[in-house]
Amino acid sequence: MVEDRKVRTPLFSIVKRDDLPKYKAIIIRIATFIATFFFAMLICFFVIKENYFEIIGTLFKGATVVSKGKILPWRLLMDTALLLAFAIAIVAPFKMKYWNMGANGQVLVGALAAIVVMFFMEDFAVKSTFNNVIVIILMLLASILASVIWAVIPAIFKVFFKTNETLFTLMMNYVASGLVGYVNYVLAQGKKESPGIVNADSQAGWFPVIVDKYFLPIIIILLITVVIYFYIKKTKHGYEISVVGDSINTAKYVGMNTKKIIIRTLIVSGIICGIIGFIYSSAINHSIDPNTCGSLGFTAVLVAWLSNFSPIIIAGISFVLSFLTLGTSKVSSTYRLGNNDLSNVIIGLIFFAILICEFFIRFKLKFNQENNMYKAIKKLFSKKRKGGVEEC
Amino acid sequence: MKKLFNVLVLVLVAVFAVNLTACGGGKDKESFKIGLICLHDESSTYDKNFIDSMYRALEELRLEESQLELVTGIGENEQCYQKASELAQTCDIVFADSFGHEDYMIQAAMENEDVWFCHSTGTKAHTKNLNNYFNAFASIYQGRYLAGIVAGMKLQEMIDNEEITAEEAIMGYVGAFPYAEVVSGYTSFYLGAKSVCPSVTMKVRYTTSWYDYDKEKAAAEALVQTDNCVLISQHADSYGAPEACETLGVPNVAYNGSTASKCPNTYLVASKIDWTPYYVEMIKAKMDGKTVSSKDYTGTLTTGSVKLDALGQNVAAGTQEALDAAIEGLKNGTIHVFDTNNFTVGGQKLSSYLADVDDFGDFEKETEVISGGYFHESEYRSAPYFDIRIDGITEINE
């Protein structure tokens, strides 16, 4: 009986690929993107039924729109920087295999804290430039503090009570949205949903504008990116994060205090979220609503993951996604589609293509010669070839 | 690698060059461009009403659909400013449809003086006093008053048929937020009903959301089952309340569109704002190079901005005649919805009231709005400012 039992071998196995040169991987990525882009544009063409190249032109125009009197497409650059910032904020926890899905919420509470300071300190800030600088610094500190608290709560529960951080951080997002809605309502004295732009006339607590409104925020985000890159790559903390990420038991075995490392990393993540929140309130929106961050916190998860946590690739993918988001939204408005569904389909397609592309760059399929189906297919093909030769 | 970089730089420069050359635009009819910024997309009944009105305006003005740039899903934040500024580069006039867009529209208006920015439901145009920024609303309280007459006629019929007693003529109202817009709406609805059914009273429950099917449904159910209401109306955007009424068999007065097909047995009537006359007037003025003196546009029954949908199958006999008389009265000024003879506050008739007409963000009530025996709603600015809680209406805060 035992001899009769057949050993089942799968048709193929997935094997890690380590022989692919870097330049080839880059070419594959670019080729995949271009092919998917033109395929996506074909879908646009079938939906819109207008000139194919005109649609592509509209998309490019929409993405790179330059405001009156400006020479750079600041909006594209700012959107790219924001997505990059969100992704950078979650890189450290993700490297540690701590799935922080709460970047949106952490940024929101930070932005909210900054707005509250800005709202109540207007009278103090308008007295002098020095006072205004103090208010801006207080806004930054309040934002960082709020974001750190929001990031650390799930981490504490994770390390001391073994709760699931994915669910916890997700739930914290909803709490943050509700809190923003409520505080807005209170600030507007229950007369409307929000006070709108805070300090619109006095501009108290507003970040200074140099070159362009978005210039300084972009520089700050680039600086954060460089700092985090060095933090992860070159410091002892960064090394500890990767050890915890590879194996928490190994980390414990070599005497690392994993609880401390997890909480410390989330403090770092919270600080970055706090700075993003501050940028939203002080430099960009000067107001807050529950949708301030859109879904950047979630898109950033995909971006960070697909980029294998490399800041340069994160920046590249952020640029591509922001470009497409702005461009497809322009296509939707120019051709009056009445919604952003087509835009979402295209972004989804691109993500899907990047996902598949990254998979095949990192892994390859290895067919098992012993598998029966493999043998059957091989036999079929060899027979056909044989037949063909005979016919000739 | 260097070559690749050079090519990339060249492509980017070329793209920006295309953009720069694409800026600007003429004022003749063919090259006239219109932008419309919507909070959600056409799946929301609120935004669909604006979009449909815009298409009707284009048709009326014999403009091509391609002259419209329709932007949907724009939040009430910096996104709105960015979109409005972007549209200002190609469009001659830009409209936005949501209250929270206002500050961002003003910001864009200040930076683009040659483009008109028209914001529906906003409050700040008359205080900002910019040459290119305007507010608009409609005297929808007139429509609510008329819808109230339909409801009152139904209640009176139920009393006459001894289905309910006069004391049991309690209406329920599902409101979104306790803001002036909602208070003005439910009060005019109540006064319309009271004008034909004197014993009517009303209870109001809030959902604290403009669109929440479950909350609106639950509020309608609570009004019927807990608060003993026998007729429901609402100021919220989902089908929650009308569908709850259809299930419970309670008459319903809808808003922003007829629910006759979904709720055939309980639908009575619906009032709504038609933005077409406003769009036509503003686009035409801008196209003809005219100036608009008033910063606020208030559409009325006379301008065709306030409309009632067709009556449902179960309205009381004589409703159409009562409506016709009221419409006539409202148009010729013999009827004022907020006539101070028709309501009391704390048992007293009102002879004076200060309202927060000038929106400086301070919520200070500074403008006398009662004169000549009635509250002058939507006359000193287009957006509603009637926020008085009158006798006969109870707000339930649980």
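Trainee: What distance separates the centres of domain 1 and domain 2 of chain A?
Mentor: In this predicted model, the centres of those two domains of chain A, taken over C-alpha atoms, are 30 Å apart.

Trainee: And which residues belong to each domain of chain A?
Mentor: The domain assignment gives 12–50 + 336–374 as domain 1 of chain A, and 77–334 as domain 2 of chain A.

Trainee: How many residues of the two domains of chain A are in contact?
Mentor: On the domain 1 side there are 13 residues, in contact with 10 residues of domain 2 of chain A. Helix H1 (22–48) and helix H14 (341–362) of chain A each supply at least two residues of that domain 1 side. H14(A) has the largest share, 9 residues. By class, the domain 1 side has 10 nonpolar, 2 polar and 1 charged residues.

Trainee: Let's look at chain A as a whole. What are its spans, and how many helices and strands does it have?
Mentor: The C-alpha trace of chain A spans about 95 × 65 × 40 Å along its principal axes. Its secondary structure comes to 15 helices and 2 strands. Of the 392 residues in chain A, 42% are buried. Among contacts in chain A with a separation of 6 or more, 78% are between residues 24 or more positions apart.

Trainee: How do the strands E1(A) and E2(A) run?
Mentor: They run antiparallel, with 5 bridges joining E1(A) to strand E2 (residues 363–367) of chain A. A:Lys16 stands opposite A:Phe363 in E2(A).

Trainee: Is strand E1 of chain A well covered or hardly covered?
Mentor: Hardly covered: strand E1 (residues 12–16) of chain A has 5 residues, and the count of buried ones is 0.

Trainee: Now a helix. Which residues of H2(A) are buried?
Mentor: In H2(A) the buried ones are A:Ile55, A:Thr58, A:Leu59, A:Lys61, A:Gly62 and A:Ala63.

Trainee: And why should helix H2 of chain A span 16 Å?
Mentor: Because helix H2 (residues 52–63) of chain A has 12 residues, and at 1.5 Å a residue these should span 16 Å. The end C-alpha atoms of this helix are 17 Å apart, which agrees.

Trainee: Switching to chain B, what does its domain assignment give?
Mentor: Domain 1 of chain B is 25–139 + 276–299, and domain 2 of chain B is 140–275 + 303–396. Their C-alpha centres lie 29 Å apart.

Trainee: How many residues of these two domains of chain B are in contact?
Mentor: 26 residues of domain 1 of chain B are in contact with 24 residues of domain 2 of chain B. Several elements of chain B each supply at least two residues of the domain 1 side, including helix H5 (125–128), strand E5 (133–138) and helix H10 (276–287). H2(B) gives the most to this side, with 5 residues. By class, the domain 1 side has 9 nonpolar, 15 polar and 2 charged residues.

Trainee: You mentioned H10(B). Which of its residues are buried?
Mentor: They are B:Thr276, B:Pro277, B:Tyr278, B:Tyr279, B:Val280, B:Met282, B:Ile283 and B:Lys286. The buried residues of H10(B) pack against elements of chain B including H2, strand E3 (93–96) and E11. Just after H10(B), B:Gly289 takes a positive phi of about 70 degrees.

Trainee: How many residues of chain B are in contact with chain A?
Mentor: 32 residues of chain B are in contact with 31 residues of chain A. H1(B) brings the largest share of the chain B side, 5 residues. That side divides into 12 nonpolar, 11 polar and 9 charged residues.

Trainee: Last topic: where does pLDDT stay under 50 in chain A and chain B?
Mentor: In chain A it stays under 50 over residues 388–392, for which the model has 0 contacts beyond four places in sequence. Where pLDDT is low, the predicted coordinates should not be read in detail.

Trainee: And what are the averages, and the scores for the model?
Mentor: The mean pLDDT of chain A is 90, and 96% of its residues reach 70 or more. Chain B averages 90, with 93% of the residues scoring at least 70. The model scores ipTM 0.80 and pTM 0.84.

Definitions and conventions: Residues are numbered from 1 along each chain as its sequence is written. Chains are lettered from A and ligands numbered from 1 in the order in which they are written. This is a predicted model: local features need pLDDT of at least 70, side-chain atom pairs count only at pLDDT 80 or more; totals for chains, interfaces and linings use all residues. Two residues are in contact if their C-beta atoms, placed from the backbone, lie within 7 Å. Helices (H or I, at least four residues) and strands (E, at least two) are DSSP runs, numbered from the N terminus. Ala, Val, Leu, Ile, Met, Phe, Trp, Tyr, Cys and Pro count as nonpolar, Asp, Glu, Lys and Arg as charged, and the others, Gly among them, as polar. pLDDT is the predictor's confidence in each residue, from 0 to 100. The expected span of a helix is 1.5 Å times one less than its number of residues. A residue is buried if 20 or more other C-beta atoms lie within 10 Å of its own, exposed if 12 or fewer, and partly exposed in between; C-beta atoms are placed from the backbone. Domain bounds come from an automatic or database domain assignment. Two strands pair if DSSP finds at least two bridges between them.
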